[in-house]
Amino acid sequence: YLAADSQLGFVDFVQNSAFTGGGAFFASETIEVVDSRFEDNHADGDGAGAHVAFGASFLRTVFAFNAAEGAGGGIRFGVGSMDAEQLSVLGNTATVGAGISLSGSADQVVVIGNSSFENNTAEFSGGALYMASSNSAERLATFRGVRFEGNVAGEDGGAVYVGGGIPRPHGDFGSCTFRSNEADGYGGGAFVTGSVDLFDSQMTQNSASSGGCLLYTSDAADD
């Protein structure tokens, strides 16, 4: 549990458990994590790898094989801003957002670049990423050069779920790859009822009961 501004480098969080934040609970607004691993941690609630309460920065960090009984197998993010570069999120499980869960009652801004989400499994929605707004919170997430591959959702959004709300959450995806993701419900690659920008990206070999590649509702996209 870290409540003060901190820098972590070359630290391994392995086989830890807690109700929330199985590997770590970051409660400061300034946490920098570099060249570290969060692996095989468990949470009875949210955030098996890490629960980021207010904000964090990750560089060359791995979240692998963490299991949450609630949201966010890799990361459960609370409020503020989070950025990541060369992040590897693989083999995590959760009810929603097996890779990363972005939800709650406060504003969030997330930027992730040159990263990968592979083989994560959500019991319900958002195999790799789950975004949903509530209580007028703004949810903005930007992804550049990110690969989503082999993620699975038991309901909607095999790789990505961008849910509705007031205001609607917004996902911005550029130069991304969605490959071989699967949803038992809607949107094998992505399910969107919020808003999304998607450009210079590839979506191949995704599958779902409806919208194998991508499913928008009638008011899903601004562009």
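This is a predicted model: local features need pLDDT of at least 70, side-chain atom pairs count only at pLDDT 80 or more; totals for chains, interfaces and linings use all residues.
Residues are numbered from 1 along each chain as its sequence is written, and side-chain values use heavy atoms, with hydrogens and water left out.

Let me begin with the sheet. It is an open sheet of 8 strands with parallel pairing, in the order S1-S5-S9-S13-S17-S21-S25-S29, where strands are DSSP runs of E with at least two residues, numbered from the N terminus, and two strands pair if DSSP finds at least two bridges between them. Strand S1 (6-9) and strand S29 (195-199) stand at the edges with a single partner strand each, so one side of each has no neighbour in the sheet. Strand S25, residues 170-174, runs parallel to S29 and is joined to it by 5 bridges; aspartate 172, for instance, has aspartate 197 in S29 as its bridge partner.

Now to the aromatic residues. The whole structure holds 13 aromatic pairs, meaning rings of Phe, Tyr and Trp (its six-membered ring) with centres within 6.5 Å, called stacked when the planes are under 30 degrees apart, edge-to-face over 60 and tilted for the rest. The rings of phenylalanine 13 and phenylalanine 38 are stacked, because their centres are 4.5 Å apart and their planes stand at 5°. Phenylalanine 13 sits in strand S2 and phenylalanine 38 in strand S6, 25 residues apart, and both are buried, that is, under 20% relative accessible area with a 1.4 Å probe and protein chains only, where exposed would be over 50% and partly exposed lies in between.

A second stacked pair is phenylalanine 117 with phenylalanine 148, whose ring centres are 5.2 Å apart with planes at 20°. Phenylalanine 117 lies in strand S18 and phenylalanine 148 in strand S22, so this pair ties together parts that are 31 residues apart in sequence. Phenylalanine 117 is buried at a relative accessible area of 0%, and phenylalanine 148 counts as buried at 0% too.

Finally, what is there on the surface? Valine 111, in strand S17 (residues 108-113), is partly exposed, with a relative accessible area of 42%. Together with Val109 and Leu140, Val111 forms a nonpolar patch on the surface.

How values were computed:
Patches are made of residues with over 30% relative accessible area and no salt bridge: like charges are joined within 9 Å, nonpolar side chains (Val, Leu, Ile, Met, Phe, Trp, Tyr) within 5 Å. Accessible areas come from the Shrake-Rupley method with a 1.4 Å probe; for residues, only the protein chains shown count as cover. A salt bridge is a side-chain nitrogen of Lys or Arg within 4 Å of a carboxyl oxygen of Asp or Glu. Helices (H or I, at least four residues) and strands (E, at least two) are DSSP runs, numbered from the N terminus.
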